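Colleague: I would like to learn how to read side-chain contacts, and I would be glad if you took me through them slowly.

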Amino acid sequence: SITNQNYSIDYREMAPLKSLTNMYLNEDGSFNDEKLSTFGYLASGVPGTVAGFWEVHQKFGSLDWELLLEDAIYFAENGFEITPYMGDMLTKYKEKLSYFEPTNKIFMKHSPDFTGSIFVQKDLANTLKLIAVKGKDGFYKGEIAQKITNEMQKNGGLITKEDLINYKPKWRKPLISDYRNNKIITMGPPSSGGVHIIQMLNILENYDLKLIGHNTVDYINLLAEVMKYAYADRSKHLGDPDFFDVPISDITNKKYAKSIKNKIKIGK
């Protein structure tokens, strides 16, 4: 029986097998502009979402897999009305979404007056139909996998058929902690959120937050300081546990939280 147990699943993207340590560096070892690592073909990891959803459905699912994709297929095929918020987002990311012709054709079709237009994604509907019928194999094998591989080869990307076939999500041990008698169950690395939520709450446990008052100047000052320390640790210590030893117990230790608390000066 799977009742009363805690689970966490990691289906983040993975670096392709052909990735190199220095692929975002210039010849002299300096960092190439951020664009290479955040935009375009070299920035793509091997996608994990489809495999992750499939894995969770295999373990816990009660409805038919095809049924779960029905609505998404319907709205991709027939479209839906663009809300003012979505219109603002499309305008905001116009430069990136119009950079490649295929995304330009889909996302910028109604530019500049997006709101109220019907947003249709026929290709996405076809992809989802394959996934509905074939499960995760509809994405990681066959036609879709071939298209991804061809695009990558043509444009200097690294993802291959082998990368797609070999992608596997991982069940990982959730992190468990407590905050003022509340039990916290959260995500471990490679996600950084869980580790640092615990770390930040450990520090905040040393303060009387009611006394300080919600959203007062001192409260915001304190939160900013606490987050500052957590983010510094994130930059230094967080990585993929399959390749890097993340010092979880050091970071989530209550003694360590006290030592950070002693460095924080409210009013500075």
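Modeller: Let us begin with exposure: a residue is called buried under 20% relative accessible area, exposed over 50%, and partly exposed in between, using a 1.4 Å probe and protein chains only. This is a predicted model, in which local features need pLDDT of at least 70 and side-chain atom pairs count only at pLDDT 80 or more, while totals for chains, interfaces and linings use all residues. Residues are numbered from 1 along each chain as its sequence is written, and side-chain values use heavy atoms, with hydrogens and water left out.

Colleague: Is glutamate 225 buried or exposed?

Modeller: Glutamate 225 has a relative accessible area of 14%, and therefore it is buried, whereas lysine 228, at 44%, counts as partly exposed.

Colleague: How many salt bridges does a search of the whole structure find?

Modeller: Side chains of opposite charge can pair when their charged atoms come close. The term salt bridge requires a side-chain nitrogen of Lys or Arg within 4 Å of a carboxyl oxygen of Asp or Glu, and the search of the whole structure finds 11 of them. One of these joins glutamate 225 to lysine 228, with 3.0 Å from N to O; because the two residues are 3 apart in helix α13, about one helical turn separates them.

Colleague: Which parts of the chain does the salt bridge between aspartate 240 and arginine 172 link?

Modeller: That salt bridge, at 3.9 Å from N to O, links distant parts of the chain, since aspartate 240 is in the loop between α13 (217-237) and α14 (248-251) and arginine 172 is in strand β4 (residues 170-172), 68 residues apart. Such helices (H or I, at least four residues) and strands (E, at least two) are DSSP runs, numbered from the N terminus. Aspartate 240 is partly exposed at 26%, while arginine 172 is buried at 18%.

Colleague: How many aromatic pairs are found?

Modeller: A pair of aromatic rings is described by the distance of the centres and the angle of the planes. Rings of Phe, Tyr and Trp (its six-membered ring) pair if their centres lie within 6.5 Å, and planes under 30 degrees apart count as stacked, over 60 as edge-to-face and the rest as tilted. The search of the whole structure finds 14 aromatic pairs. Among them, tyrosine 11 and phenylalanine 53 have ring centres 5.8 Å apart and planes at 75 degrees, so this pair is edge-to-face.
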